Amino acid sequence: MTKRLLTSVAALAAFLVLALWGSAAAQEPAFETRKITDTVYLFRYGTHQAMFVATPEGVIATDPIGYLRPEAVQAYLAEIRRITPAPIRYVVYSHHHYDHIAGGKPFREQGATFVAHRKAEARLVQLQHPDVVIPDVGVDNLYIIELGGVRLELHYVGRNHSDNSLVMLLPKERLLFTVDFIPIETLQFRDLPDGYLPDWFDSLDRVLALDWDRMIPGHPYAGGRLGTKEDVRNLKQYMTDLSDAVKQAAAEGKCYDRAMQEIRLPKYEKWGNYDRFLPGNIERFCEYWGRGY
Ligand SMILES: [Zn+2]
């Protein structure tokens, strides 16, 4: 009896060890750096991503992604240093939301110039968050950084997920870096907080009008792959289908609650966060069509 009990305990222990080992092996590392071209890298920490460009004359970094986690910024700097000893010349903010731009002080201490849209700069001056470096340069519609043979264009494409998103275009590499307003095969975040309708649609058209092939997103979507223009067109179609469905529901007096319960868009049910964020996405369009917000 005792022997049998011991055998089962041993078997259970072995099972637990294997299960734990299995889940650890399946887990992603906390951070990683992917080389996208000879000079362009994607740095991921947790579920946030930044792009950096390493040239012989210096580094252009983007979003510090260090909100409430200074260790992310230390990892970001160490990853840059693993690749190049060149000075960090610029940090470009994608927009003013803290989860992407907090934690930049260590970049500032290395002498980097901080660049953001002028509306992001104004908002950050107003907010005075202790862990957010205030930009040195406020961009209007277009700003060009040329460094070590690389040209990086910062384009303002209008209001979308905030009123101050800059998209970053590397024309030679045909690469684009966009944050938060173009999720890939994924629904928009909750009720599109800080979002602007209908401007968001125009903004997608303006992104499509730029010349690029691959898009690095500010979060890993769709298994971590980069985005394409087809993804942008599909997202615009999703938002159009959502808008049409909610417009009709609003006319039938179903906004907010019944619309949020009843509307389904089965064409997109395989997309990321479909069940989680569809009600919030409907809520935002109910505000637009049902109330005029
Ligand atoms: Zn954001």
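Helix axes are lines fitted to C-alpha atoms over the stretch in contact, and the angles between their N-to-C directions run from 0 to 180 degrees. The structure discussed here is a predicted model.

Two packed helices are described by the angle between their axes and the distance between the axes. For helix α6, residues 199-209, and helix α7, residues 229-251, the axes come within 10 Å and cross at roughly 165 degrees. Since angles over 145 degrees count as roughly antiparallel, α6 and α7 are therefore roughly antiparallel to each other. The crossing by which α6 passes α7 is left-handed. On the α6 side, the residues in contact are Trp200, Phe201, Leu204, Asp205 and Leu208; they meet Lys229, Val232, Arg233, Leu235, Lys236, Met239, Thr240 and Ser243 of α7. Sorted by class, this contact contains 7 nonpolar, 2 polar and 4 charged residues.

Helix α7 also packs against α9, with the two axes 9 Å apart and at an angle of about 60 degrees. The orientation of α7 and α9 is therefore oblique, and their crossing is right-handed. From α7, the residues Tyr238, Met239, Leu242, Ser243, Val246, Lys247 and Ala250 meet Leu278, Asn281, Ile282, Phe285, Cys286, Trp289 and Gly290 in α9. The class count for the contact of α7 with α9 is 10 nonpolar, 3 polar and 1 charged residues.

In soluble globular proteins, nonpolar side chains tend to be buried together. In this model, the largest nonpolar core has 38 residues, and Tyr238 and Met239 are those with the most contacts inside it. The elements giving two or more residues to this core are β10 (166-170), α6, α7 and α9 (274-291). Helix α7 supplies the largest share, 7 residues. Beyond residues up to four places away in sequence, Tyr238 touches Leu187, Gln188, Leu265, Tyr268, Trp271, Leu278 and Asn281. Another core, of 29 residues, lies apart from the largest one and includes Phe43, Val59, Ala86 and Ile101.

Pro87 is found in the loop between α2 (70-83) and β5 (88-92). Because its relative accessibility is 43%, Pro87 counts as partly exposed.

Definitions and conventions
Residues numbered from 1 in each chain as written. Predicted model: local features only at pLDDT ≥ 70, side-chain atom pairs only at ≥ 80, totals over all residues. Heavy atoms only, no water. Helix = DSSP H or I, 4+ residues; strand = E, 2+ residues; numbered from the N terminus. Parallel < 35°, antiparallel > 145°, perpendicular 65-115°, else oblique. Left-handed = near helix turned anticlockwise from the far one by under 90°. Contact = heavy atoms within 4.5 Å. Nonpolar A, V, L, I, M, F, W, Y, C, P; charged D, E, K, R; others polar. Core = buried A, V, L, I, M, F, W, Y, C linked by side-chain atoms within 4.5 Å. Buried < 20%, exposed > 50% of the residue type's maximum accessible area, 1.4 Å probe, protein only.
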